[in-house]
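Here are a few exercises to work through with the structure open beside you. Try each task before you read its solution.

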Amino acid sequence: MVCVLGIEGSANKIGVGIVRDGEVLSNPRRTFCAPPGEGFRPAETAVHHRQNVVAMVLEALKQAKIQHPEQEIDAIAYTKGPGMGAPLQVGAIVARMLSQMWEKPILPVNHCVGHIEMGRLITGAENPVVLYVSGGNTQVISYSDHCYRIFGETIDIAVGNCLDRFARVLKLSNDPSPGQNIEILARKGSKFYPLPYVVKGMDISLSGILSKIESEAPKLISSGQFTPEDLCFSLQETVFAMLVEITERAMAHNGSQEVLIVGGVGCNLRLQEMMGIMAEERGAKLYATDMRFCIDNGAMIAQAGWHMAKAGISAEIEECITTQRFRTDQVEVVWRD
């Protein structure tokens, strides 16, 4: 049996998870929430992580009923990247400390691969086309020849960032997340406001859509033409339709009958509904998870680290750094056939 402790802190969430041979033993996390109308800044987020990470480690051990981690934990995994520099460093420092204190191997994990491996574990999807949608990333991914290959992606901002920034325009709360509050408002919207639909081959562009709705929203709302709920509905419908289109194209290219949605935006029930309709029309199956595993968490890093440990991957302590740019397709996925 192999038991791995994973630390995630690439954005505004600090989480510590423990996984033992496919079983999630614990997965606590805490979120830094900026005031309404503001985003989270790296320095402030790093302070939050430093103030909470030790408590998260202790809570994870307690939930997992691990009393002697130096004996029961086999490896330490942490998020190497991609992500925000200062928050990433908090997780890396704590991982290096625990690795040396407990004399355990340390494993640098790609954040995106962590999402994919957690999605595969929880849903049981075997070899799906993956739509990875979060605040910092938007990619359509498929596995081939020891690599998670990117078939399509955003050419500017991520879909989560697009939704979050519109939430700032509306002065929506960042608790529990701006994207979730957009989703709640969108359920009450009914009047569609046309927005640019920008699909370029297998890639999408979101910055123009955001600029359009950011600039138009104040006068549309003040004039009574559209409500905030209508605009949230319109934005979701447009960008989610774009995501479904490029995902379906990747499935057609691969002949895949499975699609897996991962990442924080993957919790959105409307996105899951739209993707489910597409999958059903193709005779395919949709896999998705809930907030426990879609949103950034330590268990996903532990699960990717578990695969790496089982495959015999190791890293020297001097190599265990962080990087804000670490693409999904830069990882050699040696644990898959």
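**Exercise 1. Find how much area domain 1 and domain 2 bury between them, and what share of it is on carbon and sulfur atoms.**

Keep in mind that you're looking at a predicted model.

- Step 1: The buried area comes to about 1300 Å², and 69% of it falls on carbon and sulfur atoms.
- Step 2: Now see who does the touching: 15 residues of domain 1 are in contact with 19 residues of domain 2.
- Step 3: Look for salt bridges across this interface, and the rule finds zero.
- Step 4: To place the two parts, note that domain 1 takes in 3-116 + 293-319, while domain 2 covers 127-288. Their C-alpha centres are 27 Å apart.

**Exercise 2. Work out how helix 4 and helix 11 are oriented to each other.**

- Step 1: For any packed pair of helices, you want the angle between the axes and the distance between them.
- Step 2: Helix 4 (residues 111-123) packs against helix 11 (residues 298-310) at an angle of about 90°, and the axes are 8 Å apart.
- Step 3: Angles of 65 to 115 degrees count as roughly perpendicular, so helix 4 is roughly perpendicular to helix 11.
- Step 4: Pick out the residues that meet. Helix 4 brings His-111, Gly-114, His-115, Glu-117, Met-118, Arg-120 and Leu-121, and helix 11 brings Ala-299, Met-300, Ile-301, Gln-303, Ala-304 and His-307.
- Step 5: Sort that contact by class and you get six nonpolar, five polar and two charged residues.

**Exercise 3. Is the peptide bond from Gly-81 to Pro-82 cis or trans?**

- Step 1: Check omega, which is near -5°; the bond is cis.
- Step 2: Locate Pro-82: look in the loop between strand 5 (75-81) and helix 3 (85-102).

**Exercise 4. What is the phi of Lys-65?**

- Step 1: Go to the loop between helix 1 (42-63) and helix 2 (69-72), where Lys-65 sits.
- Step 2: Read off phi: Lys-65 isn't a glycine, yet its phi is positive, about 60°.

Note on methods:
Residues are numbered from 1 along each chain as its sequence is written. This is a predicted model: local features need pLDDT of at least 70, side-chain atom pairs count only at pLDDT 80 or more; totals for chains, interfaces and linings use all residues. Side-chain values use heavy atoms; hydrogens and water are left out. Domain bounds come from an automatic or database domain assignment. Contact means heavy atoms within 4.5 Å. Buried area is the accessible area (1.4 Å probe) that two parts lose on being put together, summed over both. A salt bridge is a side-chain nitrogen of Lys or Arg within 4 Å of a carboxyl oxygen of Asp or Glu. Helices (H or I, at least four residues) and strands (E, at least two) are DSSP runs, numbered from the N terminus. Axes are lines fitted to C-alpha atoms, for helices over the stretch in contact, and angles run from 0 to 180 degrees between N-to-C directions. Angles under 35 degrees count as roughly parallel, over 145 as roughly antiparallel, 65 to 115 as roughly perpendicular and the rest as oblique. Ala, Val, Leu, Ile, Met, Phe, Trp, Tyr, Cys and Pro count as nonpolar, Asp, Glu, Lys and Arg as charged, and the others, Gly among them, as polar.
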